[in-house]
Number of protein chains: 4
Amino acid sequence: MATDPVRSGPTGPTWSAPVRYAEADQQGVVFNAHYLLYCDEAVGAFCAQRGILAVAERVMLVDSHLRWSGSARWGDVVAVHASCERLGTSSFDMHFVIRTDAGECCRVTTTYVLVGEDDRPTPLPDEVRAALTG
Amino acid sequence: MATDPVRSGPTGPTWSAPVRYAEADQQGVVFNAHYLLYCDEAVGAFCAQRGILAVAERVMLVDSHLRWSGSARWGDVVAVHASCERLGTSSFDMHFVIRTDAGECCRVTTTYVLVGEDDRPTPLPDEVRAALTG
Amino acid sequence: MATDPVRSGPTGPTWSAPVRYAEADQQGVVFNAHYLLYCDEAVGAFCAQRGILAVAERVMLVDSHLRWSGSARWGDVVAVHASCERLGTSSFDMHFVIRTDAGECCRVTTTYVLVGEDDRPTPLPDEVRAALTG
Amino acid sequence: MATDPVRSGPTGPTWSAPVRYAEADQQGVVFNAHYLLYCDEAVGAFCAQRGILAVAERVMLVDSHLRWSGSARWGDVVAVHASCERLGTSSFDMHFVIRTDAGECCRVTTTYVLVGEDDRPTPLPDEVRAALTG
């Protein structure tokens, strides 16, 4: 399993986009909640790139920890590197590093749980386990 | 049918809320798209107050025209007066007047169409027609 | 001045992005207000591509008219073609055509007014006029 | 300092609002990022109720930890109880408990740092310290 998601990741980011004008608040920086939105797009891209996009639609968040070290602003491009840090029975942890050209601005660790039709946790299938850590 | 949605409306607004900090952009005013969000909450409240909330979940927008005469800011309370201006076979027009304590800031006219299970237009039932214009 | 913004536009769209998961509502389609957000990004890109990005930060919307003919969904890429349709003394009209691979879904015409430091309308400089219609 | 923010809080919530239609995603639950938005409104209300609203405009988030135990849905009213859990030199921790009528759905702990005109940390004034913990 990845111990350093950035070093072990692909050369490019998992997901990247210019900051949208409406994402900056009147302090001139990206509003805090949008970092979770960026991670959501990144985990979707991460799954799509591994052929398990359906997983992204069937997970619930149970825990998310964000640590900011800087701010993104309008005019910046935000780039998110995502990696899977831990696999449990029904859950997994993703680690996200969010950067702009000016440097790193936020690290996020999020625990997702896979749920079935009944919205209850269901074990991660072997192919999903392989794809998440591959 | 209402000819002046403000005069004919109830004394209080249909929907009202303080401007959220994240709704103001770095110009210090509410970002333009959020006025459609306020109207969406207002039409939901309008329907709920008339016992036809299910209608709000089964409509699609086909046309919306916004005219701004001012700006709402963080610290303001936005109040929306909604009224039904026109009834068609499957569609209806709502008129919204959005105000803050500083005065009117936006008028919006939106045409909604009621859709059935197949996402195709379906005639407005008589009780809906009565509720919208009552 | 452009009479058909689509035909007269460049081959590619002015702005384009995958629909974000959070942009679809529980009807499974992009929530109506986000179309104004897409147009906002498109007018910013339009100005940036013409070297007048500063204009995008100094305009206010006075009028916007949206007409939907379809819906974008998660999994779609939205592409916006923008063109300048009218130049006034201090204002200009932009026309936006929003498409997915499934076809056109929304047309928007928006009137912007350029404002000065005092937030009052100020005449469009000649270089801005040239850039908008060039 | 509060050891149980709920028990020690006022009878009513710090901030409360109906879930907006656009806040639910196509899974039918409030999209995860919006919980940070609710906390942002709650800390603003918390400061306003204590006469230190200006503080809410001059803080940056450095850390936020969210733990979900349920989901809010359209039709629910979300209520947030906020309390100050820790005071540092320039920073303070807020604890938020987010509930609907169906029960608790999310707990959040966020560390804010007060910044000066130069965007650098500045010590919390005594009156702010008193207000936050009063």
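Student: What makes up the area that chain A and chain D bury between them, and how is such an area defined?

Tutor: In this predicted model, chain A and chain D bury about 1900 Å² between them, 52% of it on carbon and sulfur atoms; buried area is the accessible area (1.4 Å probe) that two parts lose on being put together, summed over both. Gln27(A), Leu36(A) and Trp68(A) supply 24% of the area that chain A buries against chain D, more than any other three residues. Residues are numbered from 1 along each chain as its sequence is written, and chains are lettered from A in the order in which they are written. Local features need pLDDT of at least 70, side-chain atom pairs count only at pLDDT 80 or more, totals for chains, interfaces and linings use all residues, and side-chain values use heavy atoms, with hydrogens and water left out.

Student: Why is the pair of Glu23(A) and Arg20(C) called a salt bridge?

Tutor: The closest N and O atoms of Glu23(A) and Arg20(C) are 2.8 Å apart, and the limit is 4 Å, so the pair meets the definition. Both Glu23(A) and Arg20(C) are buried, a word that stands for under 20% relative accessible area, with exposed being over 50% and partly exposed in between (1.4 Å probe, protein chains only).

Student: What makes Thr110(D) count as buried or exposed?

Tutor: Thr110(D) has 1% relative accessibility, and it therefore counts as buried, the limit being under 20%. The side chain of Thr110(D) is also joined to that of Ser64(D) by a polar contact of 2.8 Å; such a contact is a pair of N or O atoms within 3.5 Å, where within protein one must be able to donate a hydrogen and the other to accept it, and residues adjacent in sequence count only if both atoms are side-chain atoms.

Student: Which class do Glu104(A) and Arg107(A) fall into, and how do you know that they meet in a salt bridge?

Tutor: Glu104(A) has a relative accessible area of 30% and Arg107(A) one of 28%, so each is partly exposed. Their side chains meet at 2.7 Å, N to O, which is within 4 Å, and the pair therefore counts as a salt bridge.
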